[in-house]
Every structure is written in C-alpha cells, then in structure tokens.
Amino acid sequence: MRLDKAVALAGLSRSEARKAIQGGRVLVDGAPVRDPAMQVEPGRVRLDGGGVIEAGELILMVNKPAGVLTATEDRRFETVLDLLPEPMRRRGLGPVGRLDKDVTGLVLLTTDGQLAHRLIAPKWKAEKVYRARCQGRLTGADAEAFAAGLTLSDFTALPARLDILEAGEAESLADVTLTEGKFHQVKRMFAAVGHPLLALERTRIGCVTLDPALKAGEWRRLTEDEAEGLRKLCGMDR
Ligand code: URA
C-alpha cells in the first residue's frame, strides 16, 4: 500500500501522515523515506521511533469503570474511547454492544464491523456473562424463571442461566449468562423476579474473559488465541 496510507494506520489523517513523511519522521526498513506514494508493507514502517505499524483489524478489551459511556464520543461524559491513547482512538474502533453508564467490566472494541455485529446478534449465540449483586435472597425458583425465559413488558427474554454464588437475607451474588442484549436487560430481569440490582459487571463475551490484571479504566489488545476464538464463534475463521 502507499506509504501515507500505512502511516495513517497509526492513527493519523492522510494529510498528517504526509506531513510526517515529508518531515522525515517516517522510517522504512530503518531509513527515512520522504515519498508518500512509495509502495510498502506496513510492517516495514516506523513513525517517530515507535514500533512497526500494524495493518489488519484490531480488537481490544477495556475494563470499563462506572460513569464512562460505551460510545465513541460524547460532549458531556468520558467514553470508552477516551480511555485509549490518542493514536489508538483514531483507528476507527467501535464498541461491541453497550454497557449502561453505571455498569462496569468487559467492553470489546474493534475495527471489524462484521465481527461486532455477529457478537451481538442472537443468531451466533455468543454468551455474555454478568456478575450481579442484587437485593434479597436468590433461590432456585429465580434460576428456573431465568431458564424458562422471563416475560418482560415488551419482549420475552431468551432462556438465561443464573448461577447463584451467594444467597443472603439482604443481598445475593450471581452470574447470569445471556445470548442477547436488549436495553437494560439484566436489570429488568432481576427486577422482574423481585431482586433489584445493586451492581452489575460484565465478565465474559464468548471465549473472552475480562483480564483480572486490568484495573478499571485499563485496556489491552486481545491475544491471537482470543481473537481467533471470537472469529470462530462467529463463523469467520479462515
Ligand atoms: N443489562 C443491563 O441491564 N445493563 C447493561 O449494561 C448490560 C446488560
């Protein structure tokens, strides 16, 4: 591809990339090149002494803190994109589904629109797992109601699994596994069985588990295995 296009993959606009090239900030195989039209593989290009530029689709995981929006930009609130360094923000990443502002945990961001679409479409059955703390004592009857498919005011939820981890008089802790993601779905399901939520964290999407080493607000790229696992799940493996 053209050198200016390869440099733009680092998160620059085409005109910024051309300026960087003409300013001698771009090395190809270690030597400065000032011709934006040169044909080159991105893996041979370095900008400002950084690592080689990667082509291809990106998939990141973010540990979303409470108060941050699952959006690409917002005038009032911080978004998950704001948690990334500047060049990464300009790679065309978008979130895979949404978490409410007060909900924490795993958000995937990707440049791959087809993958994002398939991970949220019920057809591909990618599981989403949430750790939920709720009011009151959860019982087997609640798990049965989730498994039967709860009827809410405007739709009937697909069968969901409720694994009760702690059941106390005042509050309980459980993992809930869904293969769909309607607006406020988990909150509404817990409210429907009489156990309003106190806190909700997403811990897994398909084969990708929130990395316990990531503190709230931190992110990392998916490993090759994680990315391959997601693609396989969505019928996109080569
Ligand atoms: N269910 C909810 O109620 N909220 C979320 O953010 C995700 C699932």
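Strand S9, spanning residues 171-178, is mostly covered, with seven of its eight residues buried (buried means under 20% relative accessible area, exposed over 50% and partly exposed in between, with a 1.4 Å probe and protein chains only). Strands here are DSSP runs of E with at least two residues, and helices are runs of H or I with at least four, numbered from the N terminus. The model is a predicted one, in which local features need pLDDT of at least 70 and side-chain atom pairs count only at pLDDT 80 or more, whereas totals for chains, interfaces and linings use all residues. Residues are numbered from 1 along each chain as its sequence is written, and side-chain values use heavy atoms, with hydrogens and water left out.

Strand S9 pairs in the antiparallel sense with strand S7 (residues 128-135) over eight bridges; two strands pair if DSSP finds at least two bridges between them. Within this arrangement, Arg 133 has Leu 173 of S9 as its bridge partner. Strand S8 (residues 161-167) is likewise antiparallel to S9, with six bridges, and Arg 161 is bridged to Thr 177 in S9. Three residues lie between S8 and S9, which form a hairpin.

Residues around the ligand include Leu 99, Val 103, Tyr 130, Lys 187 and Leu 200, each with a heavy atom within 4 Å of the ligand. Helix H6 (residues 185-192) gives the most to this shell, with three residues. An oxygen atom of the ligand lies 2.7 Å from a backbone N or O atom of Asp 100. A polar backbone atom of His 184 is 3.3 Å from an oxygen atom of the ligand, and a polar backbone atom of Val 186 is 3.0 Å from a nitrogen atom of the ligand. Of the 230 Å² of accessible area that the ligand has on its own, the protein covers 96% (areas by the Shrake-Rupley method with a 1.4 Å probe).

Ser 153 is found in the loop between helix H5 (140-148) and S8. Ser 153 is exposed, with a relative accessible area of 73%. The side chains of Ser 153 and Arg 188 are joined by a polar contact of 3.1 Å (a pair of N or O atoms within 3.5 Å; within protein, one must be able to donate a hydrogen and the other to accept it, and residues adjacent in sequence count only if both atoms are side-chain atoms).
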